Amino acid sequence: MRYGYFSEDSREYIITRPDTPRPWVNYLFNDSYHAIISQTAGGFSYCRDPKFNRIHRYERMLSDRPGRYLFLRDEKTMATWSATWQPMMRRYQKFRAVHGLGYTSISSQYFDIATQLTFFVPPEDACEVCLVEITNRSTGYRELKLFPYIDFVAGDAQMEIDYPNIMSLYNRAGYYSDLNAIIAYKQPHPTRQVESYAWFATSEKVHGYDCSRETFLGRYGELVRPQMVLNGACTNSSACGEDMIGLFEQRVTLSPGEKARFVLLTGFIDNDQLPPLPALQKDHETFLPFLPSPAGKEKIQAVISRYLAVEKAEETLQYVKNLWRGKTDTLVIETPDTDVDRMTNLW
């Protein structure tokens, strides 16, 4: 059964079905940041070391979860779905995932709402960019709620697997309104004497957020039907001593044929480059603030300012495409076997 094909120039592999036999992944990277992303936005990212500085949680290759997801909810019909097929796995009207040199683009249409998420890693900064486009293909106005989501590790991936009930105790996560970002923090512990920070930012107005994984999923909940998406509203939870996520609640109203575009950013920063968080409120308790260097706020803001506008993200994406084209055009072979040429010259 066929799941995809190479483009005419072989620079893209086009996947036509989301349910491939195993996750079919692309590798997006620069000198310090590496993103592994599947055709349904599963996979994980890390900075410099895949074990020691893991950013995303990735539990199983067989399930291809969790991932970098965008949940949607129609406010009139209460229909809910995920833009990348996983994890809600609706039957789409259309689906297409493209793995290119330096980028991955995942497009789908469900309930007459078309989405396209394009992921890439800039050439320098320790971050990944997701350029989002949502189009109303129906004949009426559509009021949508959007829930961009990632699942944080922000630390040692193997420790999370070996001691999940212990490692969660060192987690802290909160929302910075001035950065429009959620920052996840892993406290030092006896086997890891460093602090780790990962962050998740959006260019759209934030109407709510959640950092607690349990709050997002609901008690005994799971990713295929997260409670916050079904309810249609975030609770503004922080995370302290529990599994932590990054989740935003955003709203968009689209007339027939209208598009909405915005940018999501995920990044990593060293322990001496992050500002302190204010005290976080949850369940009427006050948690201790994070206490890293205030100089990091300027560094995060600098990265955000370079990519968080749609126009800037588009310019960087084109630069990345041109960069990889230049690398692969340096030496080209021609043989009687097209597959040999494709693998040698490009992939």
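**View 1. The largest pocket is lined by 16 residues, with Arg-57, Tyr-58, Ala-157, Glu-160 and Ile-161 lying nearest its centre.** Welcome to a predicted model, in which local features need pLDDT of at least 70 and side-chain atom pairs count only at pLDDT 80 or more, while totals for chains, interfaces and linings use all residues. Residues are numbered from 1 along each chain as its sequence is written, and side-chain values use heavy atoms, with hydrogens and water left out. A pocket here is an open set of points on a 1 Å grid over the protein atoms alone, with protein on both sides within 12 Å along at least five of seven lines; lining residues have an atom within 4 Å of a point. The space in the largest pocket comes to about 320 Å³, a volume being the space filled by probe spheres set on grid points joined across faces, edges and corners. Both β6 (54-56) and α1 (157-162) give two or more residues to this lining, and the largest share, 4 residues, comes from α1. Helices (H or I, at least four residues) and strands (E, at least two) are DSSP runs, numbered from the N terminus. By class, the pocket lining holds 7 nonpolar, 2 polar and 7 charged residues; Ala, Val, Leu, Ile, Met, Phe, Trp, Tyr, Cys and Pro count as nonpolar, Asp, Glu, Lys and Arg as charged, and the others, Gly among them, as polar.

**View 2. Here is the 1 cavity of 30 Å³ or more that a search of the whole structure finds.** A cavity is a set of grid points where a 1.4 Å probe fits but cannot get out. The volume of the largest cavity is about 100 Å³. Its lining has 14 residues, and Arg-68, Phe-119, Cys-130, Phe-200 and Leu-264 lie nearest the centre. Of these lining residues, 11 are nonpolar, 1 is polar and 2 are charged.

**View 3. Leu-72, Ile-134 and Leu-144 have the most contacts inside the largest nonpolar core, which has 50 residues.** Such a core is a set of buried Ala, Val, Leu, Ile, Met, Phe, Trp, Tyr and Cys residues joined through side-chain atoms within 4.5 Å. Strand β13 (residues 142-155) supplies the largest share of this core, 5 residues. Beyond four places in sequence, the contacts of Leu-72 include Trp-81, Ile-113, Ile-134, Leu-144 and Val-229, contact meaning heavy atoms within 4.5 Å.

**View 4. Ala-154 sits in strand β13.** Ala-154 counts as buried because its relative accessibility is 0%; buried means under 20% relative accessible area, exposed over 50%, and partly exposed in between (1.4 Å probe, protein chains only). Not counting residues up to four places away in sequence, Ala-154 touches Arg-54, Ile-55, Ala-184, Lys-186, Ser-196, Ala-198 and Met-244. Strands β15 (residues 181-186) and β16 (residues 196-202) run antiparallel and are joined by 6 bridges; two strands pair if DSSP finds at least two bridges between them.

**View 5. Tyr-220 has a positive phi, near 60 degrees, although not a glycine.** Tyr-220 is in the loop between α3 (213-217) and α4 (227-231), and counts as exposed because its relative accessibility is 81%. Asn-236, also not a glycine, has a positive phi of about 60 degrees. Asn-236 lies in the loop between α4 and β18 and is partly exposed, at 37% relative accessible area.
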